[in-house]
Amino acid sequence: MSTFQSARSIAASVSTGESSAVDIVSEHLARIEEREEEVHAFNLVLHDEALQSAERVDERIAAGEHVGPLAGVPIALKDNLCTRGIPTTCSSNILDGWRPPYDATVVARLADAGAVFVGKTNLDEFAMGSSTENSAFGPTRNPLDTSRVPGGSSGGSAAAVAAGFSAMSLGSDTGGSIRQPAALCGVVGVKPTYGAVSRLGLIAFASSLDQIGPFTHDVADAALLLECMAGHDPGDSTSIPQSFPSLSESLDRGVAGLRIGRIVDLPSGADADVVASVDRAFEVLADAGAEIIDVTIPAFTYGLTAYYLIAPAEASSNLARYDGVRFGSRVEAADTNSMYMATRGEGFGPEVKRRIMLGTYALSAGYYDAYYGKALKVRRLMAQDFATAYESVDALVTPASPSVAFPFGSKTSDPLAMYLCDTYTIPSNLIGHPAMSVPFGAGENDLPIGVQVLAPAMGEPTMFAVAAELERSAGGNHV
Amino acid sequence: MSDSATWTHEGFEMVVGLEVHVELATETKLFSGSPNRFGDDPNTNIDPVSLGLPGALPVLNRQAVELAMRIGLALNCTVQSCTFARKNYFYPDMPKAYQISQYDRPLNIDGHLEIADGIVIGVERAHLEEDTGKSTHIGGSGRIHGSEGSLIDFNRAGVPLVEIVSRPDIRTPEQARQYVNELRAILVEIGASDARMEEGSMRVDANVSVRRPGEEFGTRCEIKNVNSVRSLGRAIDYEARRQVALISDGEVIQQETRHWDEGDGRTHTLRTKEDADDYRYFPDPDLVPLDPGDEWINTVRSQLPMLPAARRVRLAEVTGQAVDSEAIATVVERRQDDYVVAVAEIGGGAERVLVHVKEAFSEQGSEPSVPAADLAALVAMEVGGELTSTQTKTLLGDLVEQGGGDPKAMAAARGFEAMDTSELDGFVDDAIAADPDAWSKFCAGDGKAMGALVGHVMKASRGQADGKAVTAILNSRKG
């Protein structure tokens, strides 16, 4: 469990003038100074910019203004979130030199709430990976054991919170890219309901699956951050046109009377220490008054296969715009087609190329029905199976990751082994439901284990109630 | 044109379907807020969506949907709930490397358009899509290959288009021309587009095949670069003859895209089926399905103006002229039929009003500068015998030149004194006295002799007498 100050406590003390935002941000910058070389959580540390915005927060508070619920809170942003005038790379060479002319909606909302951005965090190139080893700028190391990966693709954001570089961070989750690194780094990570958080300004990997979400030290901070960034955005057509439910009230609700499902036909493959933690979670929840109910979700096991057709298919189209014509890097060549090929050949890393090829193939004439079309059917089946399960339960609990943090290089030579990291997280993306990982217990080498809580669409209040209960029983709630 | 009814060549008939792209007359682009305006400085009407920048998201333009629905309803289509798809291909002026279009669920389906002689051309679909940017290739042939460089203007990127796809119901070049002319008249009437082929706001591609009547459809070739209605007729005539010649030589038609060369009057291979792109259509995950709903559809339907065909029928009824007469076609094409009806309502003489407007208002728009009351007064004087047709024509010219006026005062100013019957009777008496021979021949039934008598009257009255009135008097005298 991390021992850093919660964002709630920071915002409270900065808002009352008890501490200054500059001091808070300086402390975090000092920790970055101390350990960043070792961890490499960031592609870019916004040292001067962070101090300047902290100064402005302090000035506004001194002037008696109400700054917002994140006043002076240092936040790190995954480097696939657009920041106006600040390089945004997706950890790819192909975006070399590009500075977006706009802020992502979430960035603007957090800035409005008083947040201070301390840096842009490393990721697997274009969010494709589960270890942050696929970054063009080198891997991020797990702050809890630097011989191991932080998970991915939002490994930099998870590591930043785990190392105390920022009080909170934002990641994006397409198939588990928030929840898996949260589990591996011992922090809370949430993938919200699809459409709850605007994707405007999030550089797309797979648009129908991508959601932005928080990394925090505890469940209550996650509730706070999600409340600050969720809500309808007319700039994103897939944004849910209704207000986001309050979460803070759910935190102390407890689980008495809740029906929590155990998926009996869950795909196997989780390590014994992980399975033991999940079993223990069910015991704790039952002790707290929840009813544990066995359910089946037959389609769960097909999720991974469907995902690795749908996500690459969308990616092959989303990433076609990186052609060297308008922005980013360009490799000059004799004619336009050669320029495209040279630019993309040099600009993209091997995992990105692999997925572009997979996706292009899956959508090709003659193969569409057998691959992409069939994957869409699995997606519909998955939604049906979950809907059936939710007739008898309010939430589900599973492992977040099949294992604790693994050593560098242990899966890089075998893409399929790496893809299996997403087994338990993918279904929520396919059906657009919320899910979160909360630290619960420890495994091999005392490394943290994350338990995943799943809920139906817009079921975040229930999900947070369950996660808060698990956190209380694990002794992880911050003051 | 005389080839409306038939086109046959060595026993073959042509089978033609047209794909017509029209730019919609919206304020802003299909998926962003940049102005939709032709002729501005390059790259001034752009934004992150138009440029396909990372993180940008499309938001559908309601006005574009409404104009597209008008087109569908005017073409007797079923308007349905629909989806957007991505059409993937690389081209420098295609910012995202995909075009957002509609594929398996278009907005409008199953309509038709009636052209002359009761011939009905089916409309398969009319769907929404976005336009590309515009490339100018410098040096070389003006095409991308072999050019020294290309300049791209993204002002047009994202401009809303509707693609109207006819069924292969067209059998002659004249029918193709009539279809396009009628379609253009409808598009202008409903305010959907200015539909100018020369400016590219209306673009026509033709799918041409040939067969012996009653046989299955032959292999078709798509003809592009047809830039006027006249060229359309020439291009499909050439292409159909080319195909007949090939078949007659025992060759097989290859499905391909061909380029019409206005200069040499031929079509040339642009790309064969083997070179055709695989567009890898799939549902655009950035957009949600569009369901216009009955209420909106009915509102749009109720707001449709009277269409050109109905306008011709109305004008025929008002004027007593044949519905397919040139005067009616011309006046409706100029959108001056409302004016003709308004003038006739004031003072009658609808047939004369039609003739005058057709002859004298060719430079005027749909709202002529001559006030309806002034033209009505002039026609009333003409019909009432106060003016000869020659005088009427002169005064009509004055009215057009001066943008209106009081015809009575204008007649007086020109010295066109109305002659009362007694004065005319005097002139007739004089004429009979002067040429008794002609009078007796006229009375004996020799119609030619009347000319001499009328000539006397005209000479004596210095052209002021109304020829019709003189004829009437002579006839009544004859008994």
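Here is a short chat about a predicted model, covering the build of chain A and the domains of chain B.

Visitor: What makes a residue of chain A count as buried, and how many do?
Guide: The test is 20 or more other C-beta atoms within 10 Å of the residue's own. In chain A, 63% of the 479 residues count as buried.

Visitor: What share of the chain A contacts joins residues at least 24 apart?
Guide: Looking at contacts between residues at least 6 apart in sequence, 77% do.

Visitor: On to chain B: which domains does the assignment give?
Guide: Domain 1 is 8-302, domain 2 is 308-413 and domain 3 is 421-478.

Visitor: How do you know that domain 1 and domain 2 of chain B are in contact?
Guide: A contact needs C-beta atoms within 7 Å. By that test, 6 residues of domain 1 of chain B are in contact with 4 residues of domain 2 of chain B. Helix H3 (residues 173-189) of chain B brings the largest share of the domain 1 side, 4 residues. That side divides into 3 nonpolar, no polar and 3 charged residues. The C-alpha centres of these two domains, meanwhile, lie 38 Å apart.

Conventions: Residues numbered from 1 in each chain as written. Chains lettered and ligands numbered in written order. Predicted model: local features only at pLDDT ≥ 70, side-chain atom pairs only at ≥ 80, totals over all residues. Domains from an automatic or database assignment. Contact = placed C-beta atoms within 7 Å. Helix = DSSP H or I, 4+ residues; strand = E, 2+ residues; numbered from the N terminus. Nonpolar A, V, L, I, M, F, W, Y, C, P; charged D, E, K, R; others polar. Buried ≥ 20, exposed ≤ 12 C-beta atoms within 10 Å, placed from the backbone.
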